[in-house]
Amino acid sequence: MARWLKTARSDEERQEDDAKVRAVVEATLADIAKRGDAAVRALSEKFDKWSPDSFKLSEAQIEQALAELDPSDLDDIRFAQTQIRTFAEHQKAALQDIEVETMPGVMLGHKNIPVNAVGCYVPGGKYPLVASAHMSVVTAKVAGVKRIITCAPPYQGRPNPAIVAAQHLGGADEIYCIGGIQAVGAMALGTETIGGVDMLVGPGNAFVAEAKRQLFGRVGIDLFAGPTETLIVADETVDGEICAVDLLGQAEHGPTSPAILVTNSEKLARDTMAEVERQLKTLATAEIAAQAWRDYGQVIVCEDLAEMAKVADEIASEHVQIMTADDDYFLNTMTNYGALFLGPRTNVSYGDKVIGTNHTLPTMKAARYTGGLWVGKFMKTCTYQRVLTDEASVKVGEVCSRLCALEGFAGHKEQADIRVRRYGGRNA
């Protein structure tokens with residue numbers, strides 16, 4: 001029976017915070033819908049102290065950003081984007097258009113059609129999350145999206161050069177320096193100077209995530225996102241030091257980021273807890289990581305591998321790091337996770353930044369019903385049908401007519417009946 005050596009804050013406390021965020025976002029989006037650019041500018045001035053002549057970066061500004069970076073930084077950005085692009089291309093190759101004759105004279109098919117316009121949000125107020133540009137822009141480009149626009153907030157009073165470079169090298173068509181609700185609202189609703197998009201993607205803080213949730217329906221979104229989550233599933237084949245490093249490495253994302261250890265070793269559990277406290281004394285981001293660990297950290301001791309897998313599936317974490325004597329057991333058994341990181345040689349940071357899989361992943365137990373962002377999210381699988389012969393139309397029409405009568409749909413029935421009469425050789 002699983003035992004909790006450390007628990008997290010209650011759901012009730014979290015729900016109070018969520019209600020406050022919802023109210024702020026609703027009012028802000030209504031203001032953007034009503035006042036357009038004026039609202040966006042006022043919000044940018046208020047929250048980011050940022051009000052340039054144009055929020056859209058010019059070619060000269062983009063070139064200046066590239067020139068500010070060390071060539072080795074540009075090489076690293078290109079390396080990461082190559083890994084992400086390569087994996088996305090292989091994923092796209094797995095998406096095939098089909099056309100099949102399901103019965104004589106009836107041809108059915110589907111086409112995978114890219115979304116026309118996508119808005120990519122790149123967080124950058126607290127940390128310049130360069131990798132988020134790779135994950136959204138590069139993947140959308142591989143999918144074949146015709147228009148890709150990006151928004152990132154100013155960093156220390158100006159566009160962050162590394163984010164701008166990543167957006168540009170990834171293939172963004174329009175780059176804007178705007179953050180927060182105002183960025184997401186402008187992309188989704190459109191303003192006088194920013195053309196609206198069909199889909200929003202990319203992570204963000206609680207306000208950005210809530211804005212995407214409220215805008216869903218008017219536009220598509222990638223995921224309903226919450227704070228970054230990490231779950232480590234480990235046994236005594238690893239030690240407390242590496243477990244603590246991997247927990248705190250994700251806890252530093254924000255003060256509400258869950259970091260959880262599931263193990264069948266009480267010794268490893270207690271060693272990890274002690275290591276977390278030791279490492280927090282020297283970690284540069286300890287102020288944030290310590291709060292996340294205090295309020296949202298958990299340590300769970302299980303009886304065996306089977307219970308570890310069961311508990312992990314119930315948690316349904318965004319990131320799941322597996323470090324055990326039998327990692328494949330979890331690969332073959334678990335069903336609820338955003339991404340798996342198998343073995344001590346890999347880690348969530350690799351996936352976040354460079355290895356090639358996408359880091360925009362389901363949170364808040366959404367891994368029970370969806371995977372993360374990938375090239376297929378930017379594509380619509382649209383069906384079509386073609387009836388090739390009179391005989392096929394009559395055969396399908398006769399059955400359709402009877403089913404429409406069964407449901408009481410007279411107009412639907414006549415759609416079938418007219419074709420039975422015309423193509424069956426009877427007078428209309």
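**A walk through the predicted model**

Gln-182 belongs to helix α7, which covers residues 180–189. The structure described here is a predicted model. Gln-182 counts as buried because its relative accessibility is 3%, which falls under the 20% limit for that class. Leaving aside residues up to four places away in sequence, Gln-182 is in contact with Ile-32, Val-40, Leu-43, Ser-44, Phe-47 and Asp-48. A polar atom of the Gln-182 side chain also lies 3.0 Å from the backbone oxygen of Gly-179.

In an unreviewed UniProt entry, the label "binding site" is given to Tyr-121, Gln-182 and Asn-205. These residues are spread over 85 residues of sequence, yet they cluster in space, with a largest C-alpha distance of 12.8 Å. Asn-205 is placed in the loop between β7 (199–201) and α8 (206–215). With a relative accessibility of 45%, Asn-205 is classed as partly exposed, because that class lies between the 20% limit for buried and the 50% limit for exposed. A polar atom of the Asn-205 side chain lies 2.9 Å from the backbone nitrogen of Val-208.

Strands of a sheet pair through backbone hydrogen bonds, in either a parallel or an antiparallel sense. Here, five strands form an open sheet with parallel pairing, in the order β6-β5-β4-β7-β8. Its edge strands are β6 (174–177) and β8 (220–221), each of which pairs on one side only. Within the sheet, β4 (residues 117–121) and β7 are joined in the parallel sense over three bridges. Cys-120 is positioned opposite Val-201 of β7.

A further element to follow is helix α9, which spans residues 240–251. This helix has 12 residues and reaches 16 Å from its first C-alpha to its last, close to the 16 Å expected at 1.5 Å a residue. At the start of α9, a side-chain oxygen of Asp-239 comes to within 3.0 Å of the backbone nitrogen of Glu-241. The buried residues of α9 are Gly-240, Cys-243, Ala-244, Asp-246, Leu-247, Leu-248, Gln-250 and Ala-251. Among the elements that cover them are the strands β9 (230–234), β10 (259–263) and β12 (319–323). The helices α10 (266–280), α11 (286–296) and α14 (348–353) are also included in this cover.

Notes:
Residues are numbered from 1 along each chain as its sequence is written. This is a predicted model: local features need pLDDT of at least 70, side-chain atom pairs count only at pLDDT 80 or more; totals for chains, interfaces and linings use all residues. Side-chain values use heavy atoms; hydrogens and water are left out. UniProt positions are given in the numbering used here, feature names are shortened, and annotations may be inferred rather than shown by experiment. Helices (H or I, at least four residues) and strands (E, at least two) are DSSP runs, numbered from the N terminus. Buried means under 20% relative accessible area, exposed over 50%, partly exposed in between (1.4 Å probe, protein chains only). Contact means heavy atoms within 4.5 Å. A polar contact is a pair of N or O atoms within 3.5 Å; within protein, one must be able to donate a hydrogen and the other to accept it, and residues adjacent in sequence count only if both atoms are side-chain atoms. Two strands pair if DSSP finds at least two bridges between them. The expected span of a helix is 1.5 Å times one less than its number of residues.
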